[in-house]
Amino acid sequence: MNPSASFTNLGETERNRLYASLKESYDAYKLRGMKLDMSRGKPCPEQLALSKGMLDLLTSSDPLQAEDGTDCLNYGGIDGIPEAKRLFSRLLGVSEQEVIIGGNASLNMMYDALARAMLHGVYGSETPWGKLPKVKFICPSPGYDRHFAICEQLGIEMIAVDMLEGGPDMDQVEKLAGEDDAIKGIWCVPKYSNPDGITYSDETVDRLASMRTKASDFTIFWDDAYTVHHLTDEPDPLKPILAACKAAGHPNRVYLFCSTSKITFPGSGVAAMASSEANVSHIRKHLSAQTIGPDKINQLRHVRFLRDIDHIEAHMKRHADIIKPKFDRVLHKLEASLGGKQIAWWNKPNGGYFISLNTLDGCATEVVRMAAEAGVTLTKAGATFPYGKDPRNRNIRIAPTFPKLEELETAIDILCLCIQMVSLTKLQGDR
């Protein structure tokens with residue numbers, strides 16, 4: 001048969017012959033007993049090595065004071081040292097007075113921010129969210145499974161809305177937020193989104209900033225995790241959300257988050273959040289009861305290593321040199337094995353950490369199961385949707401960064417075999 005022919009045009013004899021050939025290859029992979037893990041978007045060892053020099057920057061003989069004289073070995077600096085605030089303000093497009101520096105994980109800061117809202121409300125709330133009959137969040141989907149896990153643990157009801165080419169379906173978002181005062185917020189990964197690789201358009205940013213909401217304390221949780229994680233020399237632009245909110249008359253509407261987890265070390269990076277000065281002041285009061293301050297030594301070595309935006313951009317180009325060949329190889333193999341067959345569709349991201357692939361409806365769970373039997377662990381089907389339930393059972397998140405190139409090639413070969421076999425079975429059942 002034509003290797004790029006649509007599976008929908010195959011006759012029964014041709015379909016059976018093809019399935020038998022694919023199964024023979026699949027069974028051969030199973031006999032190899034491989035263990036290839038592509039379940040999470042982790043930096044590979046070569047990426048981590050790019051930042052190891054940071055570990056040698058501070059010694060016992062070095063002055064360990066921040067630029068304002070704060071002793072980084074002692075108490076103090078509950079919301080971060082000044083030079084760290086300055087660096088992250090440049091990353092997030094805000095002023096230094098609008099930044100709070102945290103520990104090693106932005107996810108921790110997001111969880112804390114939402115938990116505080118449940119206990120105390122946000123700045124301007126009339127009632128703590130947790131004392132309301134119901135709290136709901138809009139969740140653009142497919143999206144980040146850990147955002148959804150936070151909501152589920154805190155008892156927040158999630159409402160999925162579709163992701164479109166320029167971001168979430170704003171017609172859906174505006175209708176929902178404008179009609180229901182139980183809807184208190186929305187999760188956003190605005191640049192190179194997880195997993196679709198979509199960057200929000202200017203129109204989407206402006207509509208989020210200016211839309212009418214039934215809840216006066218509606219809050220955008222803006223997880224700018226991949227703000228500098230470009231794969232090409234022509235990165236996607238993203239309009240600054242805080243400035244847009246101020247211009248629209250809603251200066252307190254957004255919380256921004258980012259970290260160096262995939263810039264330096266996931267286990268010991270530095271995280272930050274930003275918002276209006278009123279929000280920052282409100283949050284700082286709660287932090288004073290929660291903590292005596294984050295790790296200032298870690299902040300200091302990060303600032304001395306990363307230095308400024310120009311150095312960060314140069315550093316991230318070295319990351320891209322390592323991982324872009326992996327993305328390119330995955331995309332090439334998907335096109336070679338699945339292109340034109342009308343059984344799978346995928347994005348071609350300009351940055352970020354994932355490739356989002358959609359199968360025929362109803363096939364993702366079985367594809368992931370078969371891949372696991374052949375030794376390839378993928379993100380669980382449905383994980384990119386609230387409650388782990390993909391209504392069309394079609395989305396599969398591919399994480400190319402961690403495996404070695406040869407392992408990645410084998411994993412994608414197995415994935416493509418599984419997609420073809422499951423698709424043939426489905427098409428047979430639909431006839």
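Biologist: How do β10 and strand β11 pair, and over how many bridges?

Modeller: Strands of a sheet pair through backbone hydrogen bonds, either parallel or antiparallel. In this predicted model, β10 and strand β11, which covers residues 355–359, pair in the antiparallel sense over three bridges.

Biologist: Turning to charged side chains, how many salt bridges does the structure hold?

Modeller: Side chains of opposite charge can pair when their charged atoms come close. The structure holds 23 salt bridges, and one of them joins Arg397 to Asp145, with the closest N and O atoms 3.7 Å apart. Arg397 belongs to strand β13 (residues 395–398) and Asp145 to helix α5 (residues 145–154), so the pair ties together parts that are 252 residues apart in sequence.

Biologist: Are Arg397 and Asp145 buried or exposed?

Modeller: Arg397 has a relative accessibility of 2% and therefore counts as buried, and Asp145, at 17%, counts as buried too. Another salt bridge is formed by the side chains of Lys184 and Asp217, at 2.7 Å from N to O. This pair links distant parts of the chain, since Lys184 is in strand β6 (residues 183–188) while Asp217 is in the loop between α7 (202–210) and β7 (219–223), 33 residues apart. Lys184 and Asp217 are both buried.

Biologist: Where do Glu366 and Arg369 lie?

Modeller: Glu366 and Arg369 both lie in helix α12 (residues 364–373), three residues apart, which is about one turn of the helix. Their salt bridge brings the closest N and O atoms to 2.5 Å. Glu366 is partly exposed, with a relative accessible area of 30%, and Arg369 is partly exposed as well, with 38%. Through salt bridges that share partners, Lys30, Glu366, Arg369 and Glu373 are joined into one network.

Biologist: How should I read the aromatic pairs, and how many does the structure hold?

Modeller: A pair of aromatic rings is described by the distance of the centres and the angle of the planes. The structure holds 10 aromatic pairs. Among them, Tyr200 and Trp222 are edge-to-face, at 5.6 Å centre to centre and with 90° between the planes. Tyr200 is in the loop between β6 and α7 and Trp222 is in strand β7, 22 residues apart, and the pair links distant parts of the chain. Both Tyr200 and Trp222 are buried.

The pair of Tyr226 and Phe354 is also edge-to-face, at 6.5 Å centre to centre and with 85° between the planes. Here Tyr226 sits in the loop between β7 and α8 (241–247) and Phe354 in the loop between β10 and β11, 128 residues apart. Tyr226 and Phe354 are both buried. Elsewhere, ring pairs link Trp129, Phe137, Trp187, Phe221, Tyr255 and Phe257 into a cluster.

Biologist: Which ring face does Lys42 lie over, and which does Lys262 lie over?

Modeller: Lys42 lies over the face of Phe402, at 4.5 Å from the ring centre, and Lys262 lies over the face of Tyr353, at 5.2 Å from the ring centre.

Conventions:
Residues numbered from 1 in each chain as written. Predicted model: local features only at pLDDT ≥ 70, side-chain atom pairs only at ≥ 80, totals over all residues. Heavy atoms only, no water. Salt bridge = Lys/Arg side-chain N within 4 Å of Asp/Glu carboxyl O. Helix = DSSP H or I, 4+ residues; strand = E, 2+ residues; numbered from the N terminus. Buried < 20%, exposed > 50% of the residue type's maximum accessible area, 1.4 Å probe, protein only. Pairing = 2+ DSSP bridges. Phe/Tyr/Trp six-rings, centres within 6.5 Å; stacked < 30°, edge-to-face > 60°. Lys NZ or Arg CZ within 6 Å of the ring centre and 35° of its normal.
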